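Open the model in your viewer and follow along, one selection at a time.

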Amino acid sequence: MKKVSKICCIGAGYVGGPTMSVIANQCPEIQVTVVDINQERIDRWNDEDLDKLPIYEPGLKEIVGANRGKNLFFSTEVDKAIDEAEIIFISVNTPTKTYGKGKGQAADLKFVELCARNIAKVATTDKIVVEKSTLPVRTASAIKSILENTGNQVNFEILSNPEFLAEGTAVDDLLNADRVLIGGDDTPSGKAAKDTLSSIYAHWLPKERILQTNVWSSELSKLVANAFLAQRVSSINAISALCERTDANIAEVSRAIGTDSRIGSKFLNASVGFGGSCFQKDILNLVYIARSFGLPEVADYWEQVIIMNDYQKKRFADHIISTLYNTVSGKKIAFYGWAFKKDTNDTRESAAIYVADALLEERAEITVYDPKVSEERIYADLDYLETRSPEENRRLLKVVKEPMQAAEEAHAIALLTEWDEFKTYNWDTVYEKMLKPAFLFDGRRMLSKEAMEKKGFQYYKIGQS
Ligand code: NAD
Ligand code: UDX
């Protein structure tokens, strides 16, 4: 089997950055170069101050600090890195299309195609090209066609190696992956390429966790894994609405069903709705694919997971409005948390964005505190919706760096992200600072209803009457 000495990854984002840092850490003999066209992002990956890395993940700065400059490099010299590498990972963004055919559902593959064309143009030696980005089924054949028809007569082997890390636990997920999936052709050269890539992961993962499949199974499995996980969240959220109308308690229902080993206990936490860059995008993509293959029932089935998620976010915002005597106009509502989950600075598709948008439409005045998300990011998220002007967003919503400042004279607090620090606050002090009656809407089921009511709060917890 070919021994690998140089690899490169195109795309220094939430997947490319952590994945390549871990590979460099586990494979000291391999030189790993992560390239991106975004100069600012690369500068931040190279910043001497490790607290300025563009991505916050527990354990990441330690790994980057230990390997950067040795066998881990971040650069904007895309062509050089492509030419030198034996394996090229494509880890660029694949957002939902915002134009043309498939608008609002299909994955936009323009960044992936640009990478393929660039590899074809630059490569002078044989390469293994690895799809790390999440891609629709049959994308590998499109990449192959571009590489074979545009290239310099070098041989390309295309593999699908989707990433299953979750943000907030990326380093741990990479080091202790349940499985790594490697899809490729069953030809002798395809098998050899799969073995070469497997040998990288075998530095730290047992062989039985490295699964080899055909390329289409690998591409489809990634979309399906995300659809199944999101479906569990939407299923439990649907039941949370029913619990609120009855005396059932969603925590008790989750535990009762999760202890059935056929169901399992994970991903049964009711919440204000799932967010993140993957779930919605990947399900919409699955829906689009099913519909384009003439399977409307399959498409409708999975689309319902998204419909339920939108309902949960709207339901939370509506509950705040109706509880505050049917008007939030001019009322100060503090948001604790903006990220889509704890331990990440990522806000893509965060439920907080949509809850804020619904409340701002009712002229609420929102003050946001999040331990890791920047003010610029929060305003960019709201401006992107184009519901109101950027000036109005800045007039109605303020961002603060202190949680107690957010609570000052607030009519209500909404917990939108499950940051651990929220559990440690002195909630008596928070209560004192707020206007009375002091309302607390817990979208993450973090606090005890009994304890909060004892302090004087009017407390609402998703899934509990
Ligand atoms: P991201 O937006 O954080 O990073 C993508 C990077 O690619 C950006 O920095 C962008 O500048 C760069 N890029 C785009 N086109 C380029 C080009 N032609 N040349 C060089 N750089 C280019 O995205 P991400 O969250 O890292 O996701 C990447 C892929 O991985 C997506 O397909 C996503 O679905 C998938 N994925 C993401 C996660 C996650 O948790 N974020 C998990 C599993 C899979
Ligand atoms: C997900 C997949 O888990 C990961 O395997 C894939 O590679 C990328 O997409 P991520 O979106 O980073 O990862 O985080 P995840 O932990 O899956 O959470 C997604 C959303 O669901 C978050 O908003 C989270 O708060 C929410 N969630 C999760 C719940 O509301 N309840 C749960 O029980 C679990």
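Which residues of H11 are buried? Keep that in mind as you select helix H11, residues 279-292, in this predicted model.

**Stop 1: helix H11.** The selection holds 14 residues. From first C-alpha to last, H11 reaches 20 Å, close to the 20 Å expected at 1.5 Å a residue. H11 is mostly covered, with eleven of its 14 residues buried. Here is the list of buried residues: Phe279, Gln280, Lys281, Asp282, Ile283, Leu284, Asn285, Leu286, Val287, Tyr288 and Ile289.

**Stop 2: the neighbours of H11.** Then click on Gly294, which follows H11. Its phi is positive, near 75°.

**Stop 3: ligand 2.** Now select ligand 2 and its surroundings. The shell has 19 residues, and the closest are Asn269, Ser271, Phe274, Gly276 and Cys278. H9 returns here: it gives the largest share of the shell, three residues. By class, eleven residues of this shell are nonpolar, five polar and three charged. Colour by domain next. Domain 1 (6-213) and domain 2 (279-461) each supply at least three residues to the shell around ligand 2.

**Stop 4: ligand 1.** Finish with ligand 1. Around ligand 1 there are 27 residues, with Gly11, Gly13, Tyr14, Ser133 and Thr134 the closest. Select helix H5, residues 110-122, as well: the largest share of the shell around ligand 1, three residues, comes from H5. This shell divides into 13 nonpolar, ten polar and four charged residues.

Terms used
Residues numbered from 1 in each chain as written. Chains lettered and ligands numbered in written order. Predicted model: local features only at pLDDT ≥ 70, side-chain atom pairs only at ≥ 80, totals over all residues. Helix = DSSP H or I, 4+ residues; strand = E, 2+ residues; numbered from the N terminus. Expected span 1.5 Å × (residues − 1). Buried ≥ 20, exposed ≤ 12 C-beta atoms within 10 Å, placed from the backbone. Near = placed C-beta within 6 Å. Nonpolar A, V, L, I, M, F, W, Y, C, P; charged D, E, K, R; others polar. Domains from an automatic or database assignment.
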